[in-house]
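Reader: I would like to learn how to read a few features of a protein model. Where do we begin?

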Amino acid sequence: VLIDAAALEVSYQPLPIVPKGDPADTEIKFPDPQLIRRRCRVIGIDPRRPGFVVIEAIGSRNAPTESYRVNVRTGATTRISTEDAGSRTLYDRDGFARVRETARIDRPPFIPGLRMSPPEPHVVPQRIEVHAAGPHGGWHSLDGLTGKALHFTHADADFYGPRSIPLAFGADPNVLYYASNVGRDTYGIYALDPATGVRLPFSVESDGFDIVTPGEMFNARPLVFDHADRLVGVRLPGFPPTTRWLDPTLARIDGWLHVRFPDRQVRILQWDDAGRRYLVLVSGPTDPGRYYLYEDGPAPTMIELLRRTLIRAEDVARVVPFSLVTRGGVRLTGTMTLPRNPRLSPPPLLVWCRDIPGERLAPSEFDRPSQAFAAQGFLVLTLNPRGTGGFGRQHRDAIRAGVDRVPLEDIQATLDWMAPREPFDRRRMVIGGEGFGGYLALRAAELFPGEFRAVFGLDAPTDPVDWITAPEPMNPELGNFRAAPVASEAKAHRRAFFGPDLKPLEAISVRRDAAALRASVLILQDPLRRDLSPKEGPALRDALRRLGRDVQEIELPPAYGRDDGDARFRAFQRIGDFLNDRLFSYRVDVGHEQEVK
């Protein structure tokens with residue numbers, strides 16, 4: 001079903017225009033109502049009305065957020081509910097607003113005519129409130145109903161702490177599914193009655209893995225519902241990820257598919273009402289994914305429908321998952337991606353540092369950056385060091401003992417473990433990363449001089465304190481670099497992750513220790529990123545040039561941050577050219593001329 005995002009408009013009455021001077025002597029004029037177009041989001045198909053979908057029209061300062069029932073044949077709309085645009089809203093299957101997360105920023109109302117500066121906005125804790133089923137009733141604090149034991153209300157500083165996160169409603173409007181890590185290390189999924197706050201006898205947990213991440217408020221991603229919105233399964237992370245089916249038929253079909261596709265990730269996505277045809281996605285570390293039509297019966301059949309990419313199977317590098325325990329007792333996981341056509345034997349090694357806390361890398365996932373570097377002849381190591389998200393609070397928060405030291409210790413321990421198992425050329429090692437992973441790569445080249453021949457960082461902070469505290473531009477695309485009045489959620493969550501005391505971070509600035517950075521350096525940065533100062537990369541570049549170091553800088557287009565395939569291909573191609581120029585010598589000594597008879 002395609003919904004035109006411009007199809008919905010709302011008429012509103014803006015604030016009155018008050019001319020300068022004494023309001024008592026001036027007639028206050030109200031402008032004519034205006035039409036505000038809002039971005040729309042499809043909530044789902046109306047289960048009780050064939051041919052109708054429920055959508056959300058996302059509001060702004062001048063228009064509220066509303067839900068509508070839309071006739072997909074005629075385009076006629078019926079408004080269901082209206083909420084404050086500053087809140088994020090969770091709807092039930094009928095389109096009624098049932099749970100809301102109040103606005104993070106309090107913007108005090110400005111009273112026209114008062115001769116004083118408008119009140120400054122400020123950050124306040126976000127409350128989770130619930131509404132009774134149906135159009136009637138009021139909003140109530142979910143913490144008030146549960147006795148605050150589950151910590152639904154949270155401030156910025158609580159983002160990575162013990163808390164609970166509402167996820168979705170199913171067929172029963174009196175059952176709210178939520179995730180929580182209160183009293184445990186990892187996020188599990190549970191249910192409660194939103195009218196009373198009483199816990200219901202439902203729980204799905206995964207030891208060692210978070211089923212959801214802290215930022216997945218109102219995200220039903222791990223929950224699988226049937227056409228009647230009954231919960232029939234829960235997606236579980238792991239090596240490989242699995243689905244815990246509550247429906248016996250789906251469990252039987254899933255078992256058959258795993259026998260057919262061993263060591264692969266198999267996901268049943270959809271099925272028909274008769275329960276005969278199923279849409280299945282099969283993927284793996286060397287397969288971006290293929291969609292199949294499975295037909296159930298005494299002799300099940302599979303028909304391949306679509307492939308996610310045109311990459312030929314013979315061009316995909318082999319991926320070797322691994323798990324190890326360091327001498328300090330730390331369990332680490334990751335992958336080695338082996339080049340099909342290395343230039344040397346043993347091949348050069350590239351350590352790819354992913355963003356922290358970020359998401360974990362499962363060995364069953366197709367990792368495009370590692371495949372790109374392997375195609376350039378590198379053996380690629382990708383690790384989930386301490387500090388990586390998705391493995392519980394203990395694994396993630398261990399980085400606080402040493403923001404740079406802890407993950408780099410894990411990288412060094414993994415290199416020592418790899419050496420006798422998968423040989424690589426220790427004279428030709430390079431390291432790079434994206435986001436905070438790029439910072440770790442740069443820091444590794446400083447702390448281990450002579451170990452890495454080259455280093456690169458994509459949108460990498462070079463000073464952690466500036467990365468956390470530097471004010472953000474209001475609208476850099478328009479050239480307006482006036483500081484935003486309050487820190488964005490991204491910066492606030494960084495502060496929550498690294499802790500309130502930033503003093504230890506001052507001593508581990510890459511820019512401050514630039515003299516220790518002797519490897520060749522490539523800096524790639526999008527100067528228009530809202531969450532990264534445009535001075536981060538250029539400041540390090542200038543410091544290295546003053547020292548006479550080998551450094552290059554490439555400006556990334558905004559399309560790179562939008563995961564545009566062409567932009568990412570060009571960026572990784574430039575990285576490969578830079579690394580090859582510094583790892584391999586193409587000079588030829590022809591010697592003296594000699595007569596050949």
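Author: We begin with a term: a strand is a DSSP run of E with at least two residues, and strands are numbered from the N terminus. This is a predicted model. In it, strand β23 covers residues 301–307, and Leu306 lies in that strand.

Reader: Which residues make a nonpolar surface patch with Leu306?

Author: Ile303 and Leu305 make the patch together with Leu306, and its area is about 280 Å².

Reader: How do strands β7 and β8 run, and how many bridges join them?

Author: They run antiparallel, and four bridges join β7 (residues 88–91) to β8 (residues 97–101). Tyr91 has Ala97 of β8 opposite. Five residues sit between the two strands of this hairpin, and Gly95 takes a positive phi near 90° there.

Reader: Now a single residue. Where is Ser509?

Author: Ser509 is in a loop, with α9 (503–506) on one side and β32 (520–525) on the other.

Reader: Is Ser509 buried or exposed?

Author: Buried means under 20% relative accessible area. Ser509 has a relative accessibility of 1%, so it counts as buried.

Reader: Which residues does Ser509 touch, leaving out those up to four places away in sequence?

Author: Ser509 touches Arg443, Glu446, Thr462, Asp463 and Pro464. With Asp463, the side chain of Ser509 forms a polar contact of 2.9 Å. A polar atom of the Ser509 side chain also lies 3.2 Å from the backbone nitrogen of Arg512.

Reader: How many residues along the chain lie between Ser509 and Leu442, and what separates their C-alpha atoms?

Author: Ser509 and Leu442 are 67 residues apart along the chain, and their C-alpha atoms are separated by 10.0 Å.

Methods: Residues numbered from 1 in each chain as written. Predicted model: local features only at pLDDT ≥ 70, side-chain atom pairs only at ≥ 80, totals over all residues. Heavy atoms only, no water. Buried < 20%, exposed > 50% of the residue type's maximum accessible area, 1.4 Å probe, protein only. Contact = heavy atoms within 4.5 Å. Polar contact = N/O pair within 3.5 Å; in protein donor to acceptor, adjacent residues only side chain to side chain. Pairing = 2+ DSSP bridges. Patch = residues over 30% accessible without salt bridge, like charges linked within 9 Å, V, L, I, M, F, W, Y side chains within 5 Å. Areas by Shrake-Rupley, 256 points an atom, 1.4 Å probe, with all protein chains shown as cover. Salt bridge = Lys/Arg side-chain N within 4 Å of Asp/Glu carboxyl O.
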